[in-house]
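Biologist: Please show me the chain, and then we can go through its fold by question and answer.

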Amino acid sequence: MAKPIPKVGSRRNGRNSARKSARRIPKGVIHVQASFNNTIVTVTDVRGRVISWSSAGTCGFKGTRRGTPFTAQTAARNAIRAVVDQGMQRAEVMIKGLGLGRDAALRAIRRSGILLSFVRDVTPMPHNGCRPPKKRRV
């Protein structure tokens, strides 16, 4: 018969529910990913740990409507509402992608009452890209 392994520490079942709600974040980073089909807004603390997120899909929009400016605005509002309750006052904004929701999401972030220290475009740009495949013979 195997010997039982004694549990070390005070955690009972591995989950600590008090961790997420007790955190107060004065400053954070808001990441906006705007593709042509969807817009994802993620709010992190300065170390990069996700506090809240929202997308046009999770807001209940389906299909091609997810790429519209209105859905981007709704997603940004939903993501920010949770962090304003946790005490966020200042934020940096990183915008990635070429979608229609870029400006609308930024407008919603500005209206939320959070002071923006800077807005940066982090869309990946190829500086000559990958080598193209060789031409097919006909």
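**Fold and packing**

Modeller: Of the 138 residues in the chain, buried residues make up 35%. The model is predicted.

Biologist: In what order do the elements of the chain run from the N terminus on?

Modeller: The chain has 3 helices and 5 strands. From the N terminus on, these elements run α-β-β-β-α-β-α-β.

Biologist: What percentage of contacts between residues at least 6 apart in sequence join residues at least 24 apart?

Modeller: A contact here means heavy atoms within 4.5 Å. Among contacts in the chain between residues at least 6 apart, the share that joins residues at least 24 apart is 63%.

Biologist: Which strand pairs with strand 1 in the parallel sense?

Modeller: Strand 1 has an antiparallel neighbour in strand 2, with 7 bridges joining them. In that pairing, Ile30 has Val43 as its bridge partner, and Ala34 stands opposite Thr39. The parallel pairing, over 7 bridges, is with strand 4.

Biologist: Which residue takes a positive phi in the hairpin of strand 2 and strand 3?

Modeller: Strand 2 and strand 3 (residues 50-55) pair in the antiparallel sense over 5 bridges, and Ile40 stands opposite Ser55 there. The hairpin has 4 residues between the strands, and the positive phi, near 100 degrees, belongs to Gly48.

Biologist: How many of the residues of strand 2 are buried?

Modeller: Strand 2 forms a hairpin with strand 1, with 4 residues between them. Strand 2 also pairs with strand 3. Strand 2 is mostly covered, and of its 7 residues the number buried is 6.

Biologist: At what angle do helix 2 and helix 3 pack?

Modeller: Two packed helices are described by the angle between their axes and the distance between the axes. The crossing of helix 2 and helix 3 is right-handed. Their axes lie 8 Å apart, and the angle is about 35 degrees.

Biologist: How many residues of the contact of helix 2 with helix 3 are charged?

Modeller: Helix 2 brings Pro69, Ala72, Gln73, Ala76 and Ile80 to meet Gly101, Ala104, Ala105, Ala108, Ile109 and Arg111 in helix 3. The residues of this contact include 8 nonpolar and 2 polar, and the charged ones number 1.

Key: Residues numbered from 1 in each chain as written. Predicted model: local features only at pLDDT ≥ 70, side-chain atom pairs only at ≥ 80, totals over all residues. Heavy atoms only, no water. Axes fitted to C-alpha atoms, helices over the stretch in contact; angles between N-to-C directions. Helix = DSSP H or I, 4+ residues; strand = E, 2+ residues; numbered from the N terminus. Left-handed = near helix turned anticlockwise from the far one by under 90°. Nonpolar A, V, L, I, M, F, W, Y, C, P; charged D, E, K, R; others polar. Pairing = 2+ DSSP bridges. Buried < 20%, exposed > 50% of the residue type's maximum accessible area, 1.4 Å probe, protein only.
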